[in-house]
2 protein chains.
Amino acid sequence: VNDITGTVYLVGAGTGDPDLITVKGLNVLRKADVVVYDALANIELLKNCKDARLIDAGKRGNLHKMSQDDINTLLVSLSSEYGTIVRLKGGDPFMFGRGAEEAAALRAAGVEVHVIPGISSPIAVPELAGIPVTHRDHASQVTFITGHQRDEGECCKWDWGSIARYDGTLVILMGLSNSECISSSLIAGGRDENTPVAIVTDGSLPTQRTTITDLGRLHGTICDNGLKAPGIIVIGDCVKERSILGDLA
Amino acid sequence: VNDITGTVYLVGAGTGDPDLITVKGLNVLRKADVVVYDALANIELLKNCKDARLIDAGKRGNLHKMSQDDINTLLVSLSSEYGTIVRLKGGDPFMFGRGAEEAAALRAAGVEVHVIPGISSPIAVPELAGIPVTHRDHASQVTFITGHQRDEGECCKWDWGSIARYDGTLVILMGLSNSECISSSLIAGGRDENTPVAIVTDGSLPTQRTTITDLGRLHGTICDNGLKAPGIIVIGDCVKERSILGDLA
């Protein structure tokens, strides 16, 4: 058994734009000895590293290059070889990011671990599209939910009825492929089919694209426009603000 | 009427730790001609400014030094006097931040406006306390809600019954003074009084403090420990992760 000498930093890379990493995150990336990054982190950020070993643990949607267990094991293993280990994750490490599972594995192995939060897409991507997910006139609550579950295709196991009755903005991540189920379940649960909806793809990148529709036409709009993951769906009256604010990046 | 020459940047200062501002936010702060900042933004950040005029629009809780209308008017007015105007706001400008109201006022006056997102406290403050607000084992949904409403003391007008039935993590901002109403309403709505609860005050600052309790004892715990705003209340099983992860700052 090797000695554990390293410290692991779980770093949020932010939503796409490489300048949306935090100053703290950038500083630790600059002094990293090894970086384990995934596909949702902008690889432009790796240019800040000095001679660090770079390991691609890329995953996007269903294409997992490494399993979560493998990543956990890798991080523990690296902590006995390197001093400063950065685990660079898209968005924020703890928002649908499984960063907490990585942190738990590291703690269990006795490894020192710190988290540096990142700009999280369910807030920032709508924001850059001129949509405030909370607003005094529209919504004093917002719910973030993933359109994917642990097992594939089980999105419809959510209690969409209770979600439909909930009075606030709904932001759905990774929901593009389940949009038909999501909209029909919300409407069946009581949400007005005319509720404004925005679909934002490639958030905070130069290719960011925002499409406005309503709940009843959500699936059709995604198909007609050929919208592809990664994308975020925003449901609620706050979407109306985009007609005033427009793009704000 | 003066010509409008300036560009306004609504910048999220992050949750307290000055190194949690984004690289993009720091860069615009460095070139600012004038900065309008509020009390929730760490004033350490102002050290990065070069000869900028600094205007304190501070507000925290109920102590508004300037009204929102006055701030909107000020920003429009500054845009005819300066080139680069930074509006520095605590956390993220669009999360319970009224940044969208400021952006709308600027748009209405024909002023160029951009938003630079910030690290948002309802995600990052629990995270730094070892609490992931989403987690595969505990919650695939999270709701952020403010414990204050537009009018004082109207917190109990929320539909807490529907919120209580909602199956995900609940993060309440600015809820410390309304904690008695919040916990009793949630329990009346069906939430188990034994649901784990964390109260995190002074998030991401050296004085950050995390107190663990349960829903039934929320108000008593706040009183007994003398916990004061700003604070965040996290309700749900994900709070249990803190016993594994501990502080992660």
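Modeller: Let us begin with one strand: six of the six residues of strand E10 (residues 196–201) of chain A are buried, so E10(A) is largely enclosed by the rest of the structure. Buried means under 20% relative accessible area, exposed over 50%, and partly exposed in between, with a 1.4 Å probe and protein chains only. Strands (E, at least two residues) and helices (H or I, at least four) are DSSP runs numbered from the N terminus. This is a predicted model, in which local features need pLDDT of at least 70 and side-chain atom pairs count only at pLDDT 80 or more, while totals for chains, interfaces and linings use all residues. Residues are numbered from 1 along each chain as its sequence is written, chains are lettered from A and ligands numbered from 1 in the order in which they are written, and side-chain values use heavy atoms, with hydrogens and water left out.

Colleague: Which residues of E10(A) point one way, and which the other way?

Modeller: Pro196(A), Ala198(A) and Val200(A) point one way, Val197(A), Ile199(A) and Thr201(A) point the other way, and all are buried.

Colleague: Which strand does E10(A) pair with over six bridges?

Modeller: Two strands pair if DSSP finds at least two bridges between them. E10(A) pairs in the antiparallel sense with strand E11 (residues 209–214) of chain A, where Arg209(A) is the bridge partner of Thr201(A). Five bridges also join E10(A) to strand E12 (residues 231–235) of chain A, again running antiparallel, and there Val197(A) stands opposite Ile235(A).

Colleague: How is the size of an interface often given?

Modeller: It is often given as the accessible area lost when the parts come together. Buried area here is that loss with a 1.4 Å probe, summed over both parts, and between chain B and chain A it is about 5,200 Å², of which carbon and sulfur atoms give 60%. Phe94(B), Glu127(B) and Arg136(B) supply 14% of the area that chain B buries against chain A, more than any other three residues. The contact (heavy atoms within 4.5 Å) takes 58 residues from each of the two chains.

Colleague: How many salt bridges does the rule find across this interface?

Modeller: A salt bridge is a side-chain nitrogen of Lys or Arg within 4 Å of a carboxyl oxygen of Asp or Glu, and the rule finds four between chain B and chain A. One salt bridge joins the side chains of Glu101(B) and Arg136(A), at 2.7 Å from N to O.

Conventions: Buried area is the accessible area (1.4 Å probe) that two parts lose on being put together, summed over both.
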